[in-house]
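Subject: Structure for you to look over

Hello,

Here is the structure I said I would pass on. My notes on it follow below.

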Amino acid sequence: MANSIHIVVEPRKTDEAAAPASSLLTRVNAGYFTICLSLGAQAVLLNTLISDNDRATTKSPIVVADRVLGPWAVLMLWLSLCTLALISCLYLLRCCFHLRLVKAECSDRVAVNFLFVPWISWLLLLRAAPHRVLARLPHEVLLWALVAPIVALDIKLYGQWVTSEKRSLSAVANPTSHLPMVGNFVGAWAAAGVGWRETALCLFAVGLVHYVVVFITLYQRLTGFRAALRPVSFLFFGTPSAACLAWSSISGGFGVACKMLFFLSLFLLASLMCRPAYFKKSVKKFSVAWWAYSFPVSFVAVASTQYAEEVKGAAAGGLMLLLSSLSLLVFVAMLILTALNTDRLLRQNDPSLSFT
Amino acid sequence: MTKDEELPSLIKAISDHEVAGFDGVEDPHTSLSGTEAVEIEDVREMHSVSISMPPSPLEHKTKRVLFDDDSTNLAPPPAAPTTMFYSQPIPKASALHEAITNGKSAPLPPPPRVNKLRDKRYDSFKTWSGKLERQLTNLRGRPREREPHRVEMGSVPVDRYFDALEGPELDVLRPSEEILLPEDKLWPFLLRFPVSSFGICLGVSSQAIMWKTISSTESTRFLHISPHINQVFWFISIALMVAVAAIYALKLVFYWEAVRREYHHPIRVNFFFAPWIALLFLAMGVPPSINKTLPKPLWYVLMTPIFCLEVKIYGQWMSGGQRRLSKVANPCNHLSVVGNFVGALLGASMGIKEGPIFFFAIGLAHYTVLFVTLYQRLPTNETLPKELHPVFFLFVAAPSVASMAWAKMVGSFDFGSRIAYFIAMFLYLSLAIRVNFFRGIRFSLAWWAYTFPMTGAAIATIRYSSAVDNAVTKTFAVILCLVATLIVAALLVTTVVHAFILGDLFPNDMAIAISERRPKSSTTRRWYHRRAASSDAAVDQYLKFSDAKDVEVVETQPAGP
């Protein structure tokens, strides 16, 4: 009698030929904004290095590099602006044509955190823009336009963590959960930069409280995190650096609290560097998630420049040089790897960031 | 019936081949000379039913000790234990065997020297499985022995420690477990010397600091304490530190495997911070008459090992896996965290600016995580003691030292220090009130490590009383110092009693000798005879622990990711 089970194996049709534009839209999800984030962070780092040298009164070998860094900083700025504009357009198109996919992103516990990244990227770009350009832009309006979505997403996500049973923090906590807090801290940093002290303080306080909770939760029970997304673990030290930058901007100097946050991020950086086995699985295949290696290191480097400015000394200067060169190295490596693997990024489905 | 059938053959096989080399050095008849062949025979027969020889093959399976001739791992026991003996005769015994069977005083090998009868059962725990010791004996010119195959010891996963051990310090073997070393013999001293012995150094050196603080602070000057007490304590702690460190260094050299297993033990690993913290205490307690200011590089040298250990241990907590914090959190983890604060305190008192802030920040972040985790008492946490135990006093350590460190870093006992200090006092009082529940607990050397929080709280109170100078705070300071002193004195008496009168200060360290695989008890229930226990008691034990095992199995399964 027909009680047998027929298993039919159909060969999957892979389209290696030129992919239609719509499939490109299906692939460009919010995770691609990490590229822009890294570019923006690098631009900020270069700007900080240059402006530090402007203020430096002592002769140091870095002053000579000012002439070299200057054009690079401009180039980086333009590059990040173009990339950001491009990916933003693509994502807007995706929202228009593939709303279903965007909704799927919102409900996935990892992808929803990446929704903060576009706003953070634009904020970083704003921060990296030179003053004469900023003066011409209605940058207060821009700032409002960028901070408001972060606040809205905050309310939605943090509320979900506390009140929802299915999507509570203990159920969804993973290293990408640091991204909302990075959004808060970068927003506070940008707001303090234009003088909105109370807004900055508010954003900072909310971000700090949730950072403490996420920090404890992740330290306690980090299990079963996708190996391909392990690069996002660099956010462990990226977030305290962002907090350090925000607080130094708010408080006007690099006080003890900033130093403590900076040292914490240094320690976590050292701790992760000493565990190469943790990242072994994720470095086998290149993916967009690898861009998450770059921007936390840039954040630490920016914080170290401020630290070196505050604590003048050979050790601090050396640390700044070390971290800046590390950040540059990682960034260049990512650029090269992306250039070598553009086909994979644009045509093939990225397994690490596919949320559908 | 099978037992009866096998029993005679077992005796026959073992008595001729195995007794000579099998039982090793403790076997008295091997050291008898050939003229006493008749006695040998008697003794041999006696030994064939002695405790060290299991009377039944099944029983033997339950109590397998790992011998160096045994090249198989513990997991699959051989089909018949006798085959093992058949296949591996010990050639050394042949001369003796002839003598025994012939019954005359045949030329026997000269009375074996001690190193020939070196108990090979401990070799798996020795450095390079005993090769180091053999090299050393070769250097001394003794004859080389035959080198049987050594068992490679793998790394024990954390789950095995939880399964095999119980108790608040995870050092009591569960009855259903088997260990790799003989249970009825007293192991070599080095194997019995746990890393928690460094707790003695912690306890005594913190006393030195306390007496130094009492004699040098303004608010306690009315007590007229002489600085000589601090000197005496300091010299005693130096001597203790040198002694304990030397012994443990010897253990490192000769029993590397045992040290490795202690490192993998979820509770003992925290005691690896203890030597460095004790060194920091020694630096803090230096009598003013010897040295007023210490060189700054000394601080960096002292903090480097702590930093390296921390990167490793905190990284383990963070990266998940089998040693994640939700699974292994226990009050002894405070030892991993308090080192940061102690280092910050020492650095700030030496005048260093940035380093103390670094360690204070790390300590604060990780202390918060640990504190919340312990307070939560997560169901996945397997190491929290169910009942109260002196280990809980470690809760008081971190806030009290943190308050002192912050005061030194900032320059005065300000709000941050006071908040930390009051937290420490609250925890101290909430534990002290429950002192009734601390009775009836087995003493262990690690208890010395639990005294330093009380001393630390006393020192913090002295500092607080110098900031807030009135009669209440002074009285409180005096009371706490008295309590700390009394506790240390009582502990000293207990230690002396255990060391000299009871003689069990260093019992066999079960925690390091657990087997790497779970003993096969899931399908076949074994009867575990232990010194001729009655069958009823055995049944009770069997039922009790089989149930516990089932419950454990059920509980651990849903705890997975």
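Chain B and chain A bury about 2,500 Å² between them, and carbon and sulfur atoms give 75% of that. Buried area here is the accessible area (1.4 Å probe) that two parts lose on being put together, summed over both. The size of an interface is often given in this way, as the accessible area lost when the parts come together.

Before the rest, some conventions. This is a predicted model, in which local features need pLDDT of at least 70 and side-chain atom pairs count only at pLDDT 80 or more, while totals for chains, interfaces and linings use all residues. Residues are numbered from 1 along each chain as its sequence is written, chains are lettered from A and ligands numbered from 1 in the order in which they are written, and side-chain values use heavy atoms, with hydrogens and water left out.

The interface

The contact (heavy atoms within 4.5 Å) takes 32 residues from chain B and 25 residues from chain A. There is one salt bridge between the two chains, that is, a side-chain nitrogen of Lys or Arg within 4 Å of a carboxyl oxygen of Asp or Glu. Glu354(B) and Lys259(A) form it, with their closest N and O atoms 3.1 Å apart. On the side of chain B that touches chain A, α13 (296–318), α14 (325–328) and α16 (354–376) each supply at least two residues. Of these, α16(B) gives the most, with 14 residues. Helices (H or I, at least four residues) and strands (E, at least two) are DSSP runs, numbered from the N terminus.

Chain B

Chain B has 21 helices and two strands. Of its 561 residues, 53% count as buried, meaning under 20% relative accessible area (1.4 Å probe, protein chains only). Among the contacts in chain B with a separation of 6 or more, 79% are between residues 24 or more positions apart.

One helix to look at is α19(B), residues 452–467. At 1.5 Å times one less than its number of residues, its 16 residues should span 22 Å, and the end C-alpha atoms are 23 Å apart, which agrees. Since 13 of its 16 residues are buried, α19(B) is largely enclosed by the rest of the structure.

A residue in chain A

Ser177(A) lies in the loop between α9 (169–172) and α10 (178–193) of chain A. Ser177(A) is buried, with a relative accessible area of 1%. Leaving aside residues up to four places away in sequence, Ser177(A) touches Asn113(A), Trp161(A), Val172(A) and Val214(A).

Regards

Notes:
Buried < 20%, exposed > 50% of the residue type's maximum accessible area, 1.4 Å probe, protein only.
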